[in-house]
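Work through the exercises below with the model open. Each task is followed by its solution.

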Amino acid sequence: MPDAPHDRIFVAIDTTDLTQALALAESLRGRVGGVKLGKEFLTAHGPQGAQKVAACGMPLFLDTKFHDIPNTVAGALRAALPLKPRLINVHASGGAAMMRAAAEAAAEAGEERPLVLAVTVLTSLDEADLQAIGIPDPVQTQVLRLARLAQDNGLDGVVCSAHEVTALRAACGPDFKLLTPGIRPQWAATGDQKRIVTPAEAVRLGADYLVIGRPITGADDPAAAARRIGDEIRAARS
């Protein structure tokens, strides 16, 4: 469990501008728990760009969302280990064998092993979206199904909406890590996320980590926005 309130926050740096990414990471050092680098950044700059961000002294969450045959996912995760990520993820819908292969590859890092999380249902999807792709169950049913599959196959936790945190805690126990994107303070715009909560609400529900992007990176003063969110989390815990 993160110690300080701000340690729970991984700020999403979703940009192809390396200079901007480095400036953000530098300005937020000590004010958030780490940075999330996703497909935009990683496609533009690859491992070398990620290493430059890590050199700012910020723990990395590599939002790779690997989803392929087990051997390919294991090889990809193994290739990411030299970056020493704190967190890395795969899609739970890749299946049991794929997740086992990811967990085994991560274990090769020994004491520097990253936490491997599974993406359940993207927070941009609601039940109508699931039905459109052939999944008739409610969102929470699908999330719980995939979370149990991830836990049974050696993964450390899941990426989920904060709306599923309570049910996931009951199903998977207190040690299963829950990382929640779709976090928006009340003073920030909703954007394209459909299933969102505030940082304080997510912490009260029991989320371990929060991914927060535009409310921080789009602010006139990102460091001040991060500090404000950290204060809200601290208040929620008191």
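**Exercise 1: a pocket and its lining**

Task: find how much space lies in the second largest pocket and which residues line this pocket.

Solution. The second largest pocket holds about 160 Å³ of space. The model is predicted: local features need pLDDT of at least 70, side-chain atom pairs count only at pLDDT 80 or more, and totals for chains, interfaces and linings use all residues. Residues are numbered from 1 along each chain as its sequence is written, and side-chain values use heavy atoms, without hydrogens and water.

Next, list the lining (residues with an atom within 4 Å of a pocket point). Leu-42, Gly-46, Pro-47, Leu-62, Thr-64, Phe-66, Ala-76, Ala-79, Ala-80 and Leu-83 line the pocket. At least two of the lining residues come from each of H2, strand E3 (60-66) and helix H3 (70-80). By class, the lining has 8 nonpolar, 2 polar and no charged residues.

**Exercise 2: H1 against H2**

Task: how do the axes of H1 and H2 cross?

Solution. Helix H1 (residues 18-28) and helix H2 (residues 39-54) have axes that come within 11 Å and cross at roughly 40 degrees. H1 is therefore oblique to H2. The crossing of H1 past H2 is right-handed.

Now take the contact (heavy atoms within 4.5 Å). From H1, Leu-18, Ala-21, Leu-22 and Ala-25 meet Phe-41, His-45, Gly-49, Lys-52 and Val-53 of H2. This contact has 6 nonpolar, 2 polar and 1 charged residues.

**Exercise 3: H3 against H4**

Task: which orientation do H3 and H4 have to each other?

Solution. The axes of H3 and helix H4 (residues 96-107) come within 8 Å and cross at roughly 25 degrees. H3 and H4 are therefore roughly parallel (angles under 35 degrees). H3 passes H4 in a right-handed crossing.

How values were computed: Axes fitted to C-alpha atoms, helices over the stretch in contact; angles between N-to-C directions. Helix = DSSP H or I, 4+ residues; strand = E, 2+ residues; numbered from the N terminus. Parallel < 35°, antiparallel > 145°, perpendicular 65-115°, else oblique. Left-handed = near helix turned anticlockwise from the far one by under 90°. Nonpolar A, V, L, I, M, F, W, Y, C, P; charged D, E, K, R; others polar. 1 Å grid on protein atoms, 1.4 Å probe; cavity = no way out; pocket = protein on both sides within 12 Å on 5 of 7 lines; lining within 4 Å. Points joined across faces, edges and corners; volume = space filled by probe spheres on them.
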